Amino acid sequence: MTALLTIAVLILVAIAIWQMTKIFELSQYSTENSQVANDSDNKTNGYLLFAFLIFIYAITIFSFWKYSKFLLPEAASEHGGGYDQLMLVSFIIIFFVQTITQALLHYFGYKYRGETGKKALFYADNDRLELIWTIIPVIVLAGLILWGLYTWTNIMDVNDEDDPLIVELYAQQFNWTARYGGDDNVLGDANVRMIDIDRANILGLDESDPNASDDVIVKELHLPVGRKVNFRFRSQDVLHSAYMPHFRAQMNCVPGMITEFSFTPTITTVDMRQNPDVVDKVKRTNAIRAEKAANGEPNSDPWEFDYLLLCNKICGKSHYNMQMKIIVETEEEYNAWMASQQKFGQTIAAQ
Ligand SMILES: [Cu+2]
C-alpha cells in the first residue's frame, strides 16, 4: 500500500513539474519568440562550458582522493613490477594529454562562440602544425607499443628454464582445485571423460599413467616464495578465468584445452600482511566489520589478508564466490605442507 501511494505521489509531482514548465515556457513566449540563439545565449553556453570543465577536473581530483586506497598493493610477483610501471606511465601520459586537451577544447569553445558580426576565418592548412601533431603522437605511441610488446613477450613466455614448479589449476562451476606434479614434478594425464566421482577421481586423472599416482590434489594453493611456477589451466564446464590480482596474473580456462601462465611469487603471505597498504585496508575492513558485529549482522568476523585466486569470467550464478586461497611461504614451510598431503595413488587405493 505504501509503495502504491509513493508511486502515486511521484506521478503527481512529475505531472506538476511538467505543467509548471509549460506555464513557464508560455510566460516567456511573448518576450523571446526566436529559436535562434542570440549573443546572450551563446555567452551563457560559453560559461557553462567552463563550469563543465571545472566539474570534470573536480570529479577527477575527488576520485583520486577518495578511491586511490582501493587500488591493489605492490605486485607480489617478479614480472608484476614491470607490468605496473607500464600501466603507470601509460596512465600518466593519458592523464597529462587529457588535462591539457580538455582545457583547450573548452576554452576555444568559449572563445569562438557565436557573436553577431563575427565571421569565421578560412584557414586551409598549416604543414608545420600538422607535422607536429602527427609526429609527437607517433613517437609516444610507438614507444608505448614497443615497450608494451616487450613486456607482454616477457610475461607470456612460459618455458621450463629454472626448474619451475608445475601446478594445474582446474576450474569448474563454482570452485577451484589445484594439482601438483608430486615428487617427479610431472602432472599425470587427465581428461574430463575419466572423472570418476565414486572413486574420488575428481579431476579425471588417468589411473594407468605412472606420473599420476604421486600427483597431489588440494583445495588451497601453496607456493614457495622465489620459485618460478608454471601453471596449466583446465576447465570442466564453461569459460572461467584464473585471476590472481596480487601477482598481476590472469589466464582464461577453456574447456577442451590447456592454457598456460608462469610467474615467480616474490613476497610471502606473512610479509604481505605487513605491507602498509594491506595493513590499512585490513584496518578499514575490520572497522566496518566491527560495526556490523555490534549490530549483530552476519559476515562480521575480523578479516585477515590472504592472496586469492578468483574467477574473472561471469561463469554462472555463484561466479562471485568462486575463489581459492593462495599461500606464499618459505621453501621449508612449503615442503612441510607438501609432505603432509595425500597423493592421488593413496586416495585411489583407499577406495
Ligand atoms: Cu568461473
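Guide: Helix α2 covers residues 39-67, where a helix means a DSSP run of H or I of at least four residues, numbered from the N terminus. Its 29 residues should span 42 Å at 1.5 Å a residue, and because its end C-alpha atoms are 42 Å apart, the two values agree; the expected span is 1.5 Å times one less than the number of residues. This is a predicted model, in which local features need pLDDT of at least 70 and side-chain atom pairs count only at pLDDT 80 or more, while totals for chains, interfaces and linings use all residues. Residues are numbered from 1 along each chain as its sequence is written.

Helix α2 does have a partner, however: α2 and helix α3 (residues 80-111) pack at an angle of about 165°, with their axes 8 Å apart. That angle makes α2 roughly antiparallel to α3, a term used for angles over 145 degrees, and the crossing of the two is left-handed, meaning that the near helix is turned anticlockwise from the far one by less than a right angle. Among the residues that meet are Gly-46, Leu-49 and Phe-50 in α2, and Gln-102, Ala-103 and His-106 in α3, where contact requires C-beta atoms, placed from the backbone, within 7 Å.

An unreviewed UniProt entry annotates residues 47-65, 86-108 and 131-150 as "transmembrane region", though such annotations may be inferred rather than shown by experiment. Over residues 86-108 the chain is 100% helix, and the end C-alpha atoms are 33 Å apart.

Note on methods: Axes fitted to C-alpha atoms, helices over the stretch in contact; angles between N-to-C directions. Parallel < 35°, antiparallel > 145°, perpendicular 65-115°, else oblique. Contact = placed C-beta atoms within 7 Å.
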